[in-house]
Amino acid sequence: MMLCRPDSSGLLAVIMSGLRMAALALYYGGAQYFPTQPVPGWRLGYSIRRWLLGHIAEQCGADVVVKSRAYFGTGRHLRIGDRSQLGQNLRAESDLVLGTDVVMGPDVVLMSSAHAFEATNMPINQQGALTRRPVIIGNDVWIGTRVIVLPGVKIGNKAVIGAGSVVTKSVPAGAIVAGNPARIIRYRGDRGSRRLPTPEESAQSSVEETSHTKASASP
């Protein structure tokens, strides 16, 4: 008589799924509220959140920093590289991809999904969601305070996103962008070789360009 052996791979999957759910419950139930630097106890808070994220995310690198009240959905497809940060009050979705050494200010929003809205014969809340398009962020990127990044945007290595920017399209490697919508200001490392115009010079250039356009249009 042969005895049936349990499927070890299936059992392991069940155990891992249970650990993920427990880690999620612990994170959202309490650990997310533990201190962030410089509030006393921040080292313990960082350690606990990092440990929990290691059981939640698809990939979690070494020395990752998760600051207080960072939200990342279920985290099932979250991938984050070594020494990267999930900033304070982050609002992201579970399929975010971060490279290594990403620095993130507070109140950042990284969106992977959006509502369909084109049809005018039905309310937007009945039109469903568009196809998910994860945000992908490269290595050595700085994302400033209250930046909003829209679905499908890719931010190249060594880019800098200025505070308050709304990033609607992908950012090339090394670019410094700012504004709504975000535009390239310059590239990292070229400050010494290329001086940016002053506000007065920019205004004068705009006036001259307008005058030239009117003159060209005159018969």
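# Loops, strands and core of a predicted model

User: Which residue in the turn of the E15 and E16 hairpin has a positive phi?

Analyst: The hairpin leaves 4 residues between its two strands. Phi in that turn reaches about 105°, a positive value, at glycine 179.

User: Where is the other proline with a cis peptide bond, proline 38, and what is its omega?

Analyst: Proline 38 sits in the loop between H1 and H2. Its cis bond is to glutamine 37, and omega there is about 10°.

User: Is arginine 69 buried, partly exposed or exposed?

Analyst: Most residues other than glycine have a negative phi. Arginine 69, in the loop between strand E2 (65–66) and E3, has a positive phi near 60°. Its relative accessibility is 35%. Buried needs under 20% and exposed needs over 50%, so arginine 69 is partly exposed.

User: What is the relative accessible area of aspartate 140?

Analyst: Aspartate 140 belongs to the loop between strand E9 (136–137) and strand E10 (142–143). Its phi is positive, about 55°, although aspartate 140 is not a glycine. The side of the accessibility scale it falls on is partly exposed, with a value of 28%.

User: Which residue of E3 stands opposite glutamine 59?

Analyst: E1 and strand E3 (residues 79–80) pair in the parallel sense, over 2 bridges. Opposite glutamine 59, the E3 residue is arginine 79.

User: Which residues touch the most other members of the largest nonpolar core?

Analyst: That core has 38 residues. H1, helix H2 (42–56) and E15 each supply at least two residues of it. The members touching the most others are Leu53, Leu86, Leu96, Leu110, Ile137, Ile143 and Ile155.

User: Leaving aside neighbours within four places in sequence, which residues is leucine 53 in contact with?

Analyst: Leucine 53 is one of the residues that touch the most other core members. With its neighbours within four places in sequence set aside, its contacts are Cys60, Val64, Val66, Phe72, Leu78, Ile80 and Leu86.

User: Which residues make the nonpolar surface patch of about 260 Å²?

Analyst: Leucine 19 is one of the contributors, and it is found in helix H1 (residues 8–29). A patch takes residues with over 30% relative accessible area, and leucine 19, at 40%, is partly exposed. The patch is made by Leu11, Ile15 and Leu19.

User: To finish, what percentage of the chain counts as buried?

Analyst: The protein chain holds 3 helices and 16 strands. It exposes about 13,400 Å², with carbon and sulfur atoms supplying 59% of that area. Of its 219 residues, the share that counts as buried is 35%.

Definitions and conventions:
Residues are numbered from 1 along each chain as its sequence is written. This is a predicted model: local features need pLDDT of at least 70, side-chain atom pairs count only at pLDDT 80 or more; totals for chains, interfaces and linings use all residues. Side-chain values use heavy atoms; hydrogens and water are left out. Patches are made of residues with over 30% relative accessible area and no salt bridge: like charges are joined within 9 Å, nonpolar side chains (Val, Leu, Ile, Met, Phe, Trp, Tyr) within 5 Å. Accessible areas come from the Shrake-Rupley method with a 1.4 Å probe; for residues, only the protein chains shown count as cover. A salt bridge is a side-chain nitrogen of Lys or Arg within 4 Å of a carboxyl oxygen of Asp or Glu. Buried means under 20% relative accessible area, exposed over 50%, partly exposed in between (1.4 Å probe, protein chains only). Two strands pair if DSSP finds at least two bridges between them. A nonpolar core is a set of buried Ala, Val, Leu, Ile, Met, Phe, Trp, Tyr and Cys residues joined through side-chain atoms within 4.5 Å. Contact means heavy atoms within 4.5 Å.
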